[in-house]
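Dear colleague,

Please find the structure below for your review. My notes on it follow directly after.

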Amino acid sequence: MNVKLKTPLSKEDTKQLKTGDIVYISGTIYTARDRAHQRILKEGSPVNLEGAVIFHAGPIIKTIETGEGADYKIVAVGPTTSTRMNPYQPDVLKLGINAIIGKGGMDSETADALVENDAVYLAAVGGCAALYVKSINKVKGVNWIDLGIPEAIWELEVKDFGPLIVAMDSEGNNLYEEVRKKVNTS
């Protein structure tokens with residue numbers, strides 16, 4: 001099933017999604033990698049995470065100096081391997097996040113946290129950084145730029161961002177585990 005969603009996502013939005021569904025997101029998404037996840041847990045989030053979509057990505061950003069300060073243009077944005085966030089993701093999910101975008105899946109603790117929080121993991125296709133950037137209307141803001149461009153939390157306004165595949169749903173279904181089982185029984 002193809003599904004178009006608008007942020008912030010509701011629990012009803014994510015509970016309807018099943019593994020294998022194709023999703024496109026419009027609204028605001030936030031990039032966050034491991035250092036941002038660590039800092040969120042230590043200091044709290046600089047953005048409202050209720051109903052949020054977090055994208056495990058380190059974008060390539062061009063800084064444009066204006067008379068009023070810096071402006072940013074996103075050049076490319078592709079998914080980071082999500083396993084890097086495994087130590088932090090279950091606790092970060094408790095802060096209200098309803099969807100994670102990344103690549104490669106996540107561990108069983110995060111899978112359990114997805115179920116507990118009625119959230120989903122959406123797989124982005126690696127190597128499609130130039131494709132995904134076409135769905136980004138603008139960079140709305142940046143937080144924690146002191147972490148460096150790839151590790152900062154970038155606030156992105158997107159329209160029909162995708163395609164994204166529901167790889168781990170809120171009922172505990174996991175495409176990665178299904179594939180592993182098939183490979184191991186072959």
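**Aromatic pairs and a buried glutamine**

Phe55 counts as buried because its relative accessibility is 0%; buried means under 20% relative accessible area, exposed over 50% and partly exposed in between, with a 1.4 Å probe and protein chains only. The model is a predicted one, in which local features need pLDDT of at least 70, side-chain atom pairs count only at pLDDT 80 or more, and totals for chains, interfaces and linings use all residues. Residues are numbered from 1 along each chain as its sequence is written, and side-chain values use heavy atoms, leaving out hydrogens and water.

The structure holds four aromatic pairs (rings of Phe, Tyr and Trp, the last by its six-membered ring, with centres within 6.5 Å; planes under 30 degrees apart are stacked, over 60 edge-to-face, the rest tilted). One of them joins Phe55 and Phe161 edge-to-face, at 5.4 Å centre to centre and 70 degrees between the planes. Phe55 belongs to strand S3 (residues 53-55) and Phe161 to strand S9 (residues 153-168), so this pair ties together parts 106 residues apart in sequence. Strands (E, at least two residues) and helices (H or I, at least four) are DSSP runs numbered from the N terminus. Phe161 is also buried, with a relative accessible area of 0%. Ring pairs link Phe55, Tyr132 and Phe161 into a cluster.

Gln89 is found in helix H3 (residues 89-93) and counts as buried, at 0% relative accessibility. Leaving aside residues up to four places away in sequence, Gln89 touches His37, His56, Ile100, Met106 and Thr110, where contact means heavy atoms within 4.5 Å.

With kind regards
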